[in-house]
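User: Hi! Could you walk me through this one? I'd like to ask things as they come up.

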Amino acid sequence: MQYNYLIIDLMQIIMLTASAVVVMVTAAFKRNHAIVCGLTVFGLFASLMTFVLIKPVCLSRRHNCC
Amino acid sequence: MLAYPYFKTHESPNEEFYILLMTATLGSVVLACSSHFVSMLIGMEMLGVSLYAMIAYTVHDAKASKFPLEAGIKYLILSALASGITLFGIALLYAYIGTLGFDEIPFALEAVGGPGPMFVMGVLMIVAGAAFKLSLVPLHIWTPDVYEGAPVPVTAYLATVSKAAMLAVTLRLILASNALEFNAVLAVLTVMAAASMILGNLLAVLQTNIKRLFAYSSIAHLGYLLVVIIAAASVSNSLSVESTSFYMLTYFVMSLAGFAVISAISDSTIELDTLADFRGLFWRNKSLSAVLITVLLSLAGIPLTAGFIGKFYIFSTGVEGELWFLLTMLIIGSAIGLYYYLRLIYTMLQNADISGEDRAAAAMPVGVHAVMLAMTAAIIYLGVYPTPMIGTLQNLASAF
């Protein structure tokens with residue numbers, strides 16, 4: 001169980017890293033300002049959304065309050 | 001969203017900018033999450049190295065009107081110096097207590113028989129490195145030049161994400177290591193806060209460039225934030241974290257909206273960022289001026305805006321911590337701030353004297369519109385009904 005918590009804790013960093021790699025690979029194959037910008041916005045938004053997943057897990061693991 | 005329309009006119013390829021943006025954001029997240037000196041340093045460097053390139057990004061564009069290379073080199077040299085000082089401080093701390101985890105510092109200190117001069121010197125050097133990144137007086141010299149020279153979207157990033165990450169890790173380090181128990185650290189932070197609030201606001205009065213004005217204003221606002229961190233010496237940690245988080249959130253929403261307005265009338269070929277460029281803005285573009293007036297009123301701490309609630313939070317935390325000297329400086333600084341924010345509003349209401357193309361009256365990109373609308377709505381929402389956000393921050397502060 002501890003490992004599951006750890007992965008969810010790290011989800012934001014994982015999402016950001018994955019997005020950075022996707023943006024890099026896309027820019028390497030096709031130089032298109034709009035596509036790369038769109039992927040960046042999507043990646044940042046997706047990593048922000050993982051915050052919803054992280055919050056309750058963090059609080060319950062550290063404080064047993066949930 | 002601000003970068004896309006800005007770099008559309010850029011002559012060289014733009015795709016690398018987004019890769020740098022992603023790595024800088026990754027560095028910021030690592031920095032904000034870190035509770036260990038090694039991860040802190042990795043985050044700082046990931047963020048810093050990406051920022052060097054981002055600041056100087058338009059250097060290959062023959063039409064770039066400002067001085068991105070100069071700004072990039074200034075930031076590179078001074079930031080490298082600050083990182084070196086931080087690293088030396090970490091080495092001193094490790095030599096004295098033998099651990100690099102923030103949470104382990106109090107226990108390690110007990111084991112070695114309490115703090116010695118080497119420990120205090122180490123903490124002071126780390127604080128100095130953080131103060132540079134947060135542009136606190138007297139380590140603020142780089143801020144106006146870099147803000148002015150960097151492209152507007154990068155300046156917005158520098159003023160928000162980069163500072164938020166550094167502030168989060170500094171707060172965690174100070175609270176976890178009980179650094180405020182040492183008089184030397186407390187005295188240095190108090191002097192920095194007072195000097196930042198007064199000098200930042202005084203120097204902002206002299207500026208005729210909006211980006212430089214925002215730079216000095218950010219120095220003053222980081223000084224206000226430092227008051228809450230210092231208050232942690234005598235109030236509960238959770239209250240300090242809660243106040244810092246709320247003010248940080250409101251300040252960064254305000255900054256982003258302010259830079260979005262500058263971005264709306266600028267691109268990589270020309271940046272309209274002087275006071276003269278904003279003369280008569282109210283008569284040329286009502287929606288842009290409405291956003292900027294909301295931002296300026298909020299930065300000045302006028303009621304019904306997020307800035308008022310943020311300042312109220314800082315003031316009440318300062319009163320609880322009995323920081324009378326710093327609160328006096330905060331009031332004086334806010335009064336000076338009111339003058340230059342209102343002066344900018346007055347400039348916008350004056351008659352416009354435009355010859356040639358009026359960029360402010362031209363149609364704005366949808367992305368910039370969306371950012372401005374969202375940030376303005378957030379400023380008013382947090383000013384009128386801050387309770388849900390305060391509740392969320394209280395939950396987060398209890399887990400800090």
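User: Great. What should I know about the model and the numbering?

Analyst: This is a predicted model, in which local features need pLDDT of at least 70, side-chain atom pairs count only at pLDDT 80 or more, and totals for chains, interfaces and linings use all residues. Residues are numbered from 1 along each chain as its sequence is written, and chains are lettered from A and ligands numbered from 1 in the order in which they are written.

User: Thanks. How many helices and strands does chain A have?

Analyst: Chain A has 3 helices and 0 strands, in the order α-α-α along the sequence. Helices here are DSSP runs of H or I with at least four residues, strands are runs of E with at least two, and both are numbered from the N terminus.

User: What share of chain A is buried?

Analyst: Buried residues are 20% of the 66 residues in chain A. A residue is buried if 20 or more other C-beta atoms lie within 10 Å of its own, exposed if 12 or fewer, and partly exposed in between, with C-beta atoms placed from the backbone.

User: And how many residues of chain A are in contact with chain B?

Analyst: 21 residues of chain A are in contact with 18 residues of chain B. On the chain A side, the elements giving two or more residues are α2 (11–29) and α3 (33–63), and α3(A) gives the most, with 11 residues. Contact means that the C-beta atoms of two residues, placed from the backbone, lie within 7 Å.

User: Over to chain B, then. What does α8(B) look like?

Analyst: Helix α8 of chain B covers residues 152–176, 25 residues in total, and reaches 36 Å from its first C-alpha to its last, close to the 36 Å expected at 1.5 Å a residue. That expected span is 1.5 Å times one less than the number of residues.

User: Where does α8(B) bend?

Analyst: The bend is at L158(B), by about 35°. The angle is taken between axes fitted to the seven residues ending there and the seven starting there.

User: Is α8(B) largely enclosed or open?

Analyst: Since 21 of its 25 residues are buried, α8(B) is largely enclosed by the rest of the structure. Following α8(B) is N178(B), with a positive phi near 50°.

User: How do α2(B) and α8(B) cross?

Analyst: The axes of α2(B) (residues 15–33) and α8(B) come within 8 Å and cross at roughly 20°. The contact involves T25(B), S28(B), L31(B) and A32(B) of α2(B), and V161(B), S162(B), A165(B), M166(B), A168(B) and V169(B) of α8(B). Axes are lines fitted to C-alpha atoms, for helices over the stretch in contact, and angles run from 0 to 180 degrees between N-to-C directions.

User: Which hand is the crossing of α2(B) and α8(B), left or right?

Analyst: The crossing of α2(B) and α8(B) is left-handed. That means the near helix is turned anticlockwise from the far one by less than a right angle, while clockwise would be right-handed.

User: What about α11(B) and α16(B)?

Analyst: Their axes come within 9 Å and cross at roughly 150°, and the crossing of α11(B) and α16(B) is left-handed too.

User: Switching to α13(B): how many of its residues are buried?

Analyst: 11 of the 15 residues of α13(B) are buried, and the helix is mostly covered. The cover of those buried residues includes α10 (210–231), α11 (237–264), α12 (281–284), α14, α15 and α16 (366–384) of chain B. Just after α13(B), G301(B) has a positive phi of about 85°.

User: Now the backbone: which peptide bond is cis?

Analyst: The bond from V137(B) to P138(B) is cis, with omega near 10°. P138(B) sits in the loop between α6 (117–133) and α7 (142–149) of chain B. For context, most peptide bonds are trans, and most residues other than glycine have a negative phi.
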